[in-house]
Each structure stands twice: as C-alpha cells, then as structure tokens.
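This report reads a structure from its annotated regions through to its contacts and core. Please keep the sequence and the coordinates at hand while reading.

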Amino acid sequence: MSLQACDLGVKGRLEELTLALNLGEITAICGPNGAGKSTLLSCLAGLLKADTGHVALDGEWLGRLRPQERARALGYLPQSPEVAWDVSVEVLISLGRLPWRGAPATEAQAAIDAAIAAMDLEDFRHRPVSQLSGGERARALMARVLATRPGWLLADEPLANLDLGHAAALVHRFREQAAAGRGVVLVLHDLSMAMNHADRVVVLDRGRLAADGPPVQALSEDVIARVWGCPARWLGEPGARALSVG
Amino acid sequence: MNQRLILILLLAIAVAVPLSLLAGRVWIDPLVPETRNASVILMQLRLPRAVLALVLGAGLGAAGAAMQGFLRNPLADPGLFGIAPGAALGAVLSFWTGYAASAYLLPVFALVGAGGAMALLALIAGREGGVALFTLAGLMISSLAGALMSLAISLSPTPFAMSEIVTWLMGTLADRSWREVWIATPFTLAGIGVLVLAGRSLDALTLGEAAARSLGVDPRRLQALMIAGIGLTVGAGVAVAGIIGFVGLVVPHLVRPLTDRRPSSLIIPSALAGALLLLVADCLCRILPLAGGELRLGIALSLLGAPFFLHLLLKMRRGLA
C-alpha cells in the first residue's frame, strides 16, 4: 500500500513537492514554523485538497477514493486532539471503528482489544478520558487510530505536551507499529527525536523540500544551519544523539 | 446500558400518559365513571394534547442532543440555528395577514418559515461545512427573524392581531386537537429519523472536525442532515405550539450521565426523556391554579430552564477554575 505525493502544491504553503513514502519505517517531517509540515500531513491524510498535484494511495488518487475507503487506509492523529465528551477509554477507542460500518461486531471488538493491548491501556479501559494523565491520554488517542487498523499512521506533533518519559514510550509504540509493517509518518519539532528514532527525515523549508533521506544526512549540521538559520552541533553516539545549539 | 435506559423511560411514559389524562380543571376519577363528558374530555381534549406533548417533546429532546453533539458544546440549544425564530416569523406573518384564521394555514406558514430559515442556513454555510460559520449563520438568521417579528408586531393591523401574536409566541399545548397531532407527527418523526442517521458522524465529531473527516465523515452531508433533522423537529413544534424553549438544552444534560456519552447514544433516550418532560410539564401547567387561565408551557419551561442554565454555567466555571 504505497503513499505518494506528486508535484503537490498548496498556494502559499507548499510548492511542487514529490515524495514516495515507505511502509515499515518511521518518516519524520521536520522544518521551522510555517514550513508547511502540517499542510503536507493534511494533504497526505486526504483532508486538504492540493491546488496542484495529487496524493496517491496504491496509485489511486486520494480525492477519488470514497471517504470510508480512505479512512480505513489512513489513520490520522491531529495536533492537540480534542475529546469533546468525557467518554471512557474503550468508547474513545471504539470511535476508530467508525469507518468499518457493517463489519461484524466480533471483528470490531477484536480490533479494539488489540489496540488497547498495543498501547498498554488494559487498566484504563473503563476510565473516563478526563481522569487520564497526559501520557495515558496520548496513548488512548493513538489506540483510537490503531483500532481502525490502517496501513498508515499519520500524526501531527504527537509528542508535543508530553514529558520525556511519556514521549519516549510513545516513540517506542510507533517503532512497534512500523515493525509490524505499517507506514508511520510523524510531524516532529524535536530534531533529536527525529535523529534518534526516525528511519527517514523529510525537511521542509518555506513550503519546499530542503532535504530527504536518512536522519544523519537530512538533519546534518549544514542543513540545520541553512534551514533553521542557526549553528548547531550533534553530540553523542548514533541512536543517542543530542543537539547543541548556538 | 442504553437499552435499559430506553426501557425505563418507556415505562415512565406508559405510567405518565394515563395519569396525565386524568388531571386537569376537571379531574377524572377512573373509579367513578359518572364524570360528565368524560369521554369527550379524554378523547378530544386531553389525549391529543398528551400525544402532542410526547411528539413535540421527543422532537425537541432529540434535536437538543444532536445539536450539542454537532457543536460539541453542552450549552447548545436547537434554537441556535435560527430555525425556531424562522418558523415563528412565518406564524407571525400568518396572523399579520389574517390567514391564521384558517386552522391549517398557520402551521403551513410556520413550516414555510422554518423551511426558509433552513434554506438560508444551507445557502450561507453549506459549501464550507465548518461548524463556526454554521453557528454564526444561525445566529444571524435568529436575529434577522427576531427583528422582522418585532417589525410585524409593531406594524400589526389591529390590537387584536398584536395580542394574538404575543400570546401565540409564548408557546402552549392548550386547545390543541388531533389536527395539530396529524400535522406535527410526520415531520417530527422524520426529523428524529434523520438525526439518528447523523449519529455516527456526530460520534466522530467528538474528536474534532479534522479527526472526524479523517474517519470518513463528510462535513457537508452531516450539515445537510443536521439542517433537515433540526428543521423538521423544531419547525413542526413551533408550527403547532409556538416557541417552547429549554427542553433541548436541559434534557440531554439530564440523560448524558446515564449513557456512554456518545452523541449517538443520547438521541433516542433524549427523545423519550423530552417527551416525558413535556408531558409532565404540560400536565402541571394544566393543574396549577392561575387567575385568567393556565400557565403557558413556554413560560413555565423558561422559568425552570433559566436557573438550570445558570447552574450549568456555574458548574462549568468551577470546572475551569
């Protein structure tokens, strides 16, 4: 199930962007504020119609897919996701089954149970969302996406507002999902997270593709100086690098 | 959980209906069969009134539950879309032009008014599909209809027409017959059906607009369902009984803690609870002693609803503090 962006353009936000994303790996989208990261993710999720170009899922243009088909293939977690009503964790996760209207109830329950297990939420199954900590809530929202059993996980800044421990735990869960064969695409602000945990990094600068490749290349000190406009140095060993700025 | 709640509400309605039939200015004791004109009072006055209370209450309760789900706001009320003021404006025009003298034309005018408000709402907000624009369009239509109603009242041809309009706007089920039941029931039931159809999309909206769209919700289809569902239920209610507020606000609140809190789980229980509330409230209005007639249902519910709304606001403020 391939996901490709061809000559994607959104007026004032993205320019002629061509990308082919791969299943089984974590792709991080990085860039300074206003670079077009969230716009690109919205286009990839089929939520924003590009002015030029298109996004194709398995060669089929997203705009031509029925919304339900698209929803079954592409799981999307928005930035600062809201939960309007104080539902239980299980009910929240069951919302991920909405695109599977008409599927057998046993299949739905199995998908919900699997998502609860994958995000280690068994103890919180019946707890109202308002009584969860930030980290538990982030895991519950991720489980909601997993309950759809999509081929792709697209998350916009999923680690924002999480402390270090919870962020590391969530990244570990993303890694498990990629290892299970899903394509994982994350918009990340934290370059160290992208450097240490992504398989591939796409760097955007004012709507254009500035770099694309393994983290060591795409987030090299030269690229950071050029795109973010500040001198920076990577410290430490591969897989546990820290960024020193200034 | 939902099935048990629905069963309990149905049982409560089954108990409340016969009791409400016995209460009124003339009390009917089932053990004393000699009450004068008992069968006429029951079959021609109280039964249609009870059925109308159930139908309109169900429509308002379901509309309130769907509206709160759509706007993701527990303070939302079906009146926000401007459909009730639109219907009321239609009715006011029927008084103003004198067509209200014909029993069928008043509801027809009101339904046309509701339809006009629905069309205007769809025209302004229909393309974009965003909730914020939709709400603002509803508020604009409300205030426009309100201003036109005031204009019609101030220019009313006779003091009698003015008094008729003002009294009618207060909302009541008094003196309603089977005719009103036949007019309101099909529209209301169709409206509730449409709102039930929107349930899954409203559930997805719990996660916000972007996440709902990513789950396959078509915002324009949902908006069309909401306009049709709210328009049919609220429009039919205003057409036969005037403006009855607060049921749509209060009922979903009372019911929500008894469900799993998904908007779709709330629609049918809210319809049943709305039916029960309006039946009981109308019965109380009928038996409360009041000089010069009976307490208007619309006024009674507003008197009860306003403190409830204040209580909600204070509770939310405490929650935010």
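## The annotated span of chain A

In this predicted model, residues 3-231 of chain A form a span that is 37% helix and 24% strand, with end C-alpha atoms that lie 34 Å apart.

## Annotated regions of chain B

For chain B, the unreviewed UniProt entry places the feature "transmembrane region" at residues 47-67, 79-98, 104-124, 131-152, 181-202, 222-255, 267-289 and 295-314.

## Helix 1 of chain B

Helix 1 of chain B covers residues 2-22, and its 21 residues should span 30 Å at 1.5 Å a residue; the end C-alpha atoms are 31 Å apart, which agrees with that expectation. After this helix comes G24(B), a residue with a positive phi near 160 degrees.

Which residues of helix 1 of chain B are buried? They are L9(B), I13(B) and S20(B), and the buried residues of this helix pack against two other helices of chain B, namely helix 2 (38-71) and helix 12 (263-287).

## Where the chains meet

The contact between the chains draws 22 residues from chain A and 17 residues from chain B. On the side of chain A that touches chain B, helix 2 (67-73) and strand 6 (74-77) of chain A each supply at least two residues, and helix 2 of chain A gives the most, with four residues. Sorted by class, this side of chain A has 16 nonpolar, two polar and four charged residues.

## The largest nonpolar core

The largest nonpolar core has 184 residues, and among these A66(B), A87(B) and A91(B) touch the most other members. Helix 2 of chain B provides the largest share of this core, 15 residues; this is also one of the helices against which the buried residues of helix 1 of chain B pack.

What does A91(B) contact once its neighbours within four places in sequence are left aside? The partners of A91(B) are then L106(B), F109(B), A110(B), G113(B), W168(B), V238(B) and A239(B). A91(B) itself belongs to the core, and its position falls in the 79-98 stretch that the UniProt entry lists as a "transmembrane region" of chain B.

Terms used. Residues numbered from 1 in each chain as written. Chains lettered and ligands numbered in written order. Predicted model: local features only at pLDDT ≥ 70, side-chain atom pairs only at ≥ 80, totals over all residues. UniProt positions renumbered as here; feature names shortened; annotations may be inferred. Expected span 1.5 Å × (residues − 1). Buried ≥ 20, exposed ≤ 12 C-beta atoms within 10 Å, placed from the backbone. Contact = placed C-beta atoms within 7 Å. Nonpolar A, V, L, I, M, F, W, Y, C, P; charged D, E, K, R; others polar. Core = buried A, V, L, I, M, F, W, Y, C linked by C-beta atoms within 7 Å.
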